[in-house]
Amino acid sequence: MKPQPFTYHAPQSRPELFALLGALEDARCIAGGQSLMPMMNLRLAAPAHLVDLNGIADLAGIRVENDRLVIGAMTRQRAAEHSALVAETCPLLTKALDHVGFQQTRNRGTVGGSVAHMDPTAEIVTACCALDADVVLEGPDGERRMPISAFNTGYLSTSIAPGEILSRLEIPLWPAGHGSAFLEVTRRGESFSVVSVAALVALDAEGAIARAALAVGGLGPAPFRLHAADASAGRPADDDFIAALGAEAAMLPADGDFSASDDYKQHLAGVLTRRAMRAALLAAGARHD
Amino acid sequence: MTAHAKVRSDAPSAGLGRSEARLEHGPLVRGKGRFIDDISLPGQLHATFLRSPVAHGRITRIDITAAAALEGVRAVLLYDDLRPLLTAPRVPVSMPSGAIRFDVDPFVLSRDEVCHVGEPIALVLADSRHVAEDALGLIELDIDPLPPVVDPRAGLAEGAPRARLDCPDNLVARTTAAYGDIDAAFAGAPVVLAEEFHLSKGGGHSIETRGVVAAWDEAARRLTVWDSTQMPHRAKRVLARALDLGEHEVRVIAPDVGGGFGPKFVFHPEELAIAAAAMLTGLPVKWIEDRFENFFSTVQERDQFWTVEVAAGADGRLRGIRGVLIHDHGAYSPYGMALPYNSATNLIGPYVLPAYRLDISLCLTNLMPSTPTRGAGRPQGTFVMERLLDRLAERLGLTRDEIRQRNLIRPDQLPYPTGLFTRDGGEMTYDSGNYPESQRRALAESGWHDFEPRRAAARREGGLIGIGLANYVEGSGRGPFESGAVSIGPSGQIVVTTGACAQGQGTVTMLAQLAGAALGTPAEKVRVIAGDTAASPLGLGAFASRQAVTAGNAVHLAAEQVRAKILRVASAWLNAAPDELELDDGVVRVASDRERSCPVSRIAEALAGSPGFSLPLGVEPGLSAAVDFQPPGLTYCNGTHVAEVEVDAETGVVRVARYVVVHDCGRLIHPRMVDGQVIGGVVHGLSSTLYEWMRYDDEGQPLTCTYADYLLSTADVTPRIEIHHMESPTPLNPLGVKGAGESGTIAASAVIASAIEDALSPFGVKLRDLPLTAARLSALVRAAGGAA
């Protein structure tokens, strides 16, 4: 479990960083290293160059700007988890962060690193999918952005182009009083999720659905959004709504593996979807019938 | 000597029942332990192994040219390079067993046929581990694949491929555990039930992997091997025999060992390969198994397939159990057939079973050799018996506690010969205990009889809870002997040496406490040397929950002999009868006149002798005694576990809410350390029951080689484990103690299965297979039509 030889670079400025990324063949960026280093130690990844992002200023930090929660890519997961600003403006993300890895890995792991790694079980990605987050990429020629739904290009693959880094996430805020829930099933307590569900809901003055969003992670390379949630404005917040969501989730395509079959994953998607939306509705103040 | 002395009534002075002593705890907790990787020798080379990428095949070509040419690589060694140093082609590890049909010892490195993924083929020696691993990628290896045997049931079928071309078939052993008239037991029995169980047991998974550091001193002709092993003395014997060395030329030292749990009992080919490489190169060689290769280079415990029938009377009393056990043996035989035989014998448990017949077949497979891990096959036997009792209770409309109560062996039936024999040929006889009281106490402590209101309350909240019950026995303290010597030199230092081996279980503290008690000295002042073949000529080591029984009694008896010698000399010097004397922290005093005293060190000085002067009183030289304690047979500890679980029927997720253990290992030496052993054992058992599962694909490729895929129990899923001790002293050793190292694991699977099945009773789900993963439970519930 020793990595293949590689050259380590620690750029201290953006120009230095992008010059390196432009010049080096076979380079990988390293943020918190909680996924990449184990892969390198197992020789599943063997980049010739490792470019450390920890020396670049302004890549970490959490702020609210124009009704968007902006989280710098190098923000430690633990910092985001404990951020009062995140808890206040985007409680769903706080709930999701509580499930990411282990406390020890969250101390070092970064929010952007998790999104850039795009593990199919990544809780942050599932939450961001429900939240319609934008991913901001930065390269030598400036920035470009895309919705997270367009970011994934397959298992552990993203739209980050050679020479680019993931710079920050921008999350549109939901109105005050919205409800959210993040639920997952793991194979053992604190460990990788099998299926995770992020649910958001806002109610109108009559108690009907004003807006809802629900993402299911763990079934394929990237989370799925439920149409029944996206198209729910004006629906009553009732059991039929929850049942419709659950039915759709249980029909999503799932890639099973030897520890969780596709039908188990689909089943969990349905169960967790119903539970998560029920909890989100409760948090939004829906009447409990 | 074999001792059958009565249990002492003055337990405290024998060092029993006190939990104050802490010897190894502090250094281990503070990171001051000295483990195998902490040992570095000047000029040492770092080793790593090229391992078979396929489960079965024949090596057709190995080209090491590029690897050997890599800068920093000192040597790339193959079987033919090491063979000239060896007395035989194979590593002489097999344990005696008449039922084993074939010689299936492993080779030091693969000779031509590879029989499991991970089998070591080549050994790279380099200036660093990094370079050694780089070199692995440069070795060119061609293997002609052969069909693998992965499922032992298929391996025993007609026309199955052979797992090893040097064996005519895969049935490496067949044996029977039987007594009584089994046909009569079933003929006309009012109740007969049949069941099938597929049990997968988790592995050892010590936090410290294996590792070896070896140095050869050509001038002194001495091989020194530091080995992370449970069995340094046996390692020395294997090394001496394989490398054609005298006993005086080999020293094996087990430094601090970061957990054994069974796999470090086994002598693995790497231990010989590293020693041979050190001899061949003349340079010290270090090999540290990494966490990844541990999954395919260290022995495991795995699959058993049981097909059994039970016959009982209408009152629920057992008449007989018969059936067939097919056991996955793996590719080699480093541990004989103890594992399935323990499963077979432990099935009986604390119950009256008038007749029994289990036909056991061991199938060679192209998987890691399968050998005991904590519990050593017993949890599986207990699981089968306890499941059958639950089934019988259901069939007969009895409660689960009542059916057990009706079948438990009563105290007045002890000593109770079961009718079976242990693997050393002794009759399997339960020596002491009170099994009905154990169950009664567990039911009382756990609130078993008040459970239904709790269940109803949980149901009103939408929760499904269940409770389970299981009883077990465990044969502990396996012989043939263990060594213990106590000596005091002119410095006054008390030194205990033993062939027992410390693995973090508290052996050092336990032995120091016993010696200190006999000699009137605080345990912390006693120095214990364990795990060094230079310190003790004879020894066995850590296995079979044995060291308190064997080494504990050896040290106790040796310390008593030293005490007697001290008092004999002091009696003459102080002019007082021995029973008027007190031994108090290195000083002998006359009880009635404490000014009359003499230091023990002066007695040791006198007994060390002065040139030409006589020893006092004509006593034998030296203030020391050595005892090799031979237990007359296994001593059986026992206990009862009750667990409460909460099951999410929709997801299959189980939460163990409560875990109560009633535990009887005879007299307790250091109760808190016993608690630690029981807690660790239960956690190991829960881990095996709910999470651990070594998976292979149809080609014999291991699928779970990281702790993200292979799950171990963690603190966040572990309940508080409540332990209640009973103390039924055994008459089989002077201290009256029994083993405690494995007992916690033995009932865990049985009790959790019983509790989950109880929680899921609205669905009528039946649990037959281990592990009980959430995915499996959810599938069972859905198949039963529930929680759609």
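**Reading the two chains**

Author: Keep in mind that this is a predicted model. In it, the contact between the chains takes 24 residues from chain B and 20 residues from chain A.

Reader: Which helix of chain B gives the most to the side of chain B that touches chain A?

Author: Two helices of chain B, helix 4 (129-136) and helix 21 (774-783), each supply at least two residues of the side that touches chain A. The residues of that side of chain B divide into ten nonpolar, five polar and nine charged. The helix that gives the most, with five residues, is helix 21 of chain B.

Reader: Which residues of helix 4 of chain B are buried?

Author: What covers the buried residues of this helix includes strand 1 (45-51), helix 2 (65-69), strand 3 (73-77) and strand 5 (120-126) of chain B. The buried residues in helix 4 of chain B are B:Val131, B:Ala132, B:Glu133, B:Asp134 and B:Ala135.

Reader: Are helix 11 of chain B and helix 20 of chain B roughly parallel or roughly antiparallel to each other?

Author: Helix 11 (residues 378-396) and helix 20 (residues 748-759) of chain B pack with their axes 7 Å apart and at an angle of about 30°. The contact is made by residues including B:Phe383 and B:Arg387 of helix 11 of chain B and B:Ala750 and B:Glu757 of helix 20 of chain B. Angles under 35 degrees count as roughly parallel, and therefore helix 11 and helix 20 of chain B are roughly parallel.

Reader: Is A:Tyr8 buried or exposed?

Author: A:Tyr8 lies in strand 1 (residues 7-9) of chain A, and, leaving aside neighbours within four places in sequence, A:Tyr8 is in contact with A:Leu50 and A:Asp52. A:Tyr8 has 9 other C-beta atoms within 10 Å, so A:Tyr8 is exposed.

Reader: What is omega for the cis peptide bond that joins B:Gly479 and B:Pro480?

Author: Most peptide bonds are trans. B:Pro480 is found in the loop between strand 18 (464-476) and strand 19 (482-488) of chain B, where B:Pro480 is exposed, with 11 other C-beta atoms within 10 Å. The cis bond that joins B:Gly479 and B:Pro480 has an omega of about 10°.

Reader: Does B:His205, with its positive phi, count as buried or exposed?

Author: Most residues other than glycine have a negative phi. Phi of B:His205, however, is near 50°, and the place of B:His205 is in the loop between strand 8 (191-200) and strand 9 (211-217) of chain B. With 20 or more other C-beta atoms within 10 Å a residue is buried, and since B:His205 has 24 C-beta neighbours inside 10 Å, B:His205 counts as buried.

Technical notes
Residues are numbered from 1 along each chain as its sequence is written. Chains are lettered from A and ligands numbered from 1 in the order in which they are written. This is a predicted model: local features need pLDDT of at least 70, side-chain atom pairs count only at pLDDT 80 or more; totals for chains, interfaces and linings use all residues. Axes are lines fitted to C-alpha atoms, for helices over the stretch in contact, and angles run from 0 to 180 degrees between N-to-C directions. Helices (H or I, at least four residues) and strands (E, at least two) are DSSP runs, numbered from the N terminus. Angles under 35 degrees count as roughly parallel, over 145 as roughly antiparallel, 65 to 115 as roughly perpendicular and the rest as oblique. Two residues are in contact if their C-beta atoms, placed from the backbone, lie within 7 Å. Ala, Val, Leu, Ile, Met, Phe, Trp, Tyr, Cys and Pro count as nonpolar, Asp, Glu, Lys and Arg as charged, and the others, Gly among them, as polar. A residue is buried if 20 or more other C-beta atoms lie within 10 Å of its own, exposed if 12 or fewer, and partly exposed in between; C-beta atoms are placed from the backbone.
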